[in-house]
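Here's a quick briefing to read with the model open beside you.

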Amino acid sequence: MWVRTRTVVAGGVVLVLLAVVVVVVLVRQLGSELRLPLASRSCTVQADGRVVLDADQMANAATIAAIGAQQGMPERGVVVALATAYQESGLRNLPDGDRDSIGLFQQRPSQGWGDPEQLSDPRYAAKRFYAALKKVRGWERMRVTDAAQRVQRSAFPEAYQKWADESAVLTRALLGDATRAVACSVGRTPVMRGAAAAAALTRNLELDWGVVGSAAPAELTGLSLATTDQRDGWRYAHWLVSHAQDHGVKRVRFGDLEWTARDGKWIEVPGGPPAGARVVAEVFADS
């Protein structure tokens, strides 16, 4: 009986080890294709389709889209950039990768993309990608995966296409073609607070979009942005919500719609300023 019990236990240990090996192999083989449950701090994007990202992915996607707009890229270019970053890094700013690859687009210093510190900056990495894409003759008429491959020269040239639909949804939302399309649930403990949060938000908004916000209304700590139209307003509003977790954003309001960190969604708030007037963001006050 004792020998038999030991045999059963040994067999169970072997099965567990085999299961662990299988999981490791799957993770390495599937990489960013492996869909795992997201933590509660997640963002839902709905714009003729639905995409769910975590807070880090959402912030990176928003910066990629904003840099594309700042560089004068058409929406198709932003779709290509997002699909590329989806495949290369899972929309994460990775510190390393295959050989000397770094960052959102897994660009290689040895291939002339920049030094490691530069490529670790999402804005720099996105600008370099868009600059390279612009040099591809006829990229606007190519499939997403073909345009991306002409820049990346991956060993898996068809891999980018599977992210085309998700990237199109993100692009519509982040470039302001959809209303209240980005809704994020963020943690109760903000990374930043008060004047420091407002200053960082203002600085990074300028870096991403090339626009400067003014001080928020006296009763709030945050910033206010003038807008030219609805599309303009939703670009900034969605960017602010996308960066809520890493910048301590408590509330974003545009027209009669408001997103709050408490509720994690957009709701109607009567008595707001006329649509298309200003976007107002409030950060968490110093505790």
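This is a predicted model: local features need pLDDT of at least 70, side-chain atom pairs count only at pLDDT 80 or more; totals for chains, interfaces and linings use all residues.

Residues are numbered from 1 along each chain as its sequence is written, and side-chain values use heavy atoms, with hydrogens and water left out.

**Salt bridges**

- The count comes to 13 salt bridges (a side-chain nitrogen of Lys or Arg within 4 Å of a carboxyl oxygen of Asp or Glu).
- One of them joins R123 and D208, with 2.4 Å between the closest N and O atoms.
- That pair links distant parts of the chain: R123 sits in helix α5 (residues 122–134) and D208 in helix α8 (residues 194–209), 85 residues apart. Helices here are DSSP runs of H or I with at least four residues, strands are runs of E with at least two, and both are numbered from the N terminus.
- Are R123 and D208 buried or exposed? Both are buried, where buried means under 20% relative accessible area, exposed means over 50%, and partly exposed is in between (1.4 Å probe, protein chains only).
- D177 and R231 also form a salt bridge, at 2.6 Å from N to O. D177 is in the loop between α7 (164–174) and β3 (182–184) and R231 is in helix α9 (residues 230–242), so this pair ties together parts 54 residues apart in sequence.
- D177 is partly exposed at 38% relative accessible area, and R231 is partly exposed too, at 31%.
- R143 and D146 meet in a salt bridge at 3.1 Å, N to O. Here R143 has 37% relative accessibility and counts as partly exposed, as does D146 with 29%.
- There's also a salt-bridge network that links R251, R253, E258 and E282.

**Aromatic rings**

- A search of the whole structure turns up six aromatic pairs. Rings of Phe, Tyr and Trp (its six-membered ring) pair if their centres lie within 6.5 Å; planes under 30 degrees apart count as stacked, over 60 as edge-to-face and the rest as tilted.
- Why does the pair of Y86 and W163 count as stacked? The ring centres are 4.6 Å apart and the planes are at 5 degrees, so the pair is stacked.
- Y86 belongs to helix α3 (residues 75–89) and W163 to the loop between α6 (144–152) and α7, so to speak two distant parts of the chain, 77 residues apart.
- Y86 is buried at 7% relative accessibility, and W163 is buried at 3%.
- W234 and W266 make an edge-to-face pair, 4.9 Å centre to centre with 75 degrees between the planes. W234 lies in helix α9 and W266 in strand β8 (residues 266–268), so the pair ties together parts 32 residues apart in sequence.
- Both tryptophans of that pair are buried: W234 has 2% relative accessibility and W266 has 7%.
- F105, F129 and Y130 come together in one aromatic cluster.

**Helix α3**

- With 15 residues, α3 reaches 21 Å from its first C-alpha to its last. That is close to the expected 21 Å, which is 1.5 Å times one less than the number of residues.
- α3 is mostly covered, with 12 of its 15 residues buried. Among them are V78, V79, V80, L82 and Y86.

**Positive phi angles**

- Most residues other than glycine have a negative phi.
- D48 has a positive phi, near 55 degrees, and isn't a glycine. D48 is in the loop between β1 (42–46) and β2 (50–54) and is exposed, at 73% relative accessible area.
- Q106, also not a glycine, has a positive phi of about 50 degrees. Q106 is in the loop between α3 and α4 (116–119) and is buried, at 12%.

- On a 1 Å grid over the protein atoms alone, a cavity is a set of points where a 1.4 Å probe fits but cannot get out.
- The largest cavity holds about 40 Å³ of space, the volume being the space filled by probe spheres set on the points, which are joined across faces, edges and corners.- Its lining residues (those with an atom within 4 Å of a point) are V186, G187, P190, A244, Q245, G248, V249 and F284.
- By class, the lining of the largest cavity has five nonpolar, three polar and no charged residues. Ala, Val, Leu, Ile, Met, Phe, Trp, Tyr, Cys and Pro count as nonpolar, Asp, Glu, Lys and Arg as charged, and the others, Gly among them, as polar.

Methods:
On a 1 Å grid over the protein atoms alone, a cavity is a set of points where a 1.4 Å probe fits but cannot get out, and a pocket is an open set with protein on both sides within 12 Å along at least five of seven lines; lining residues have an atom within 4 Å of a point.
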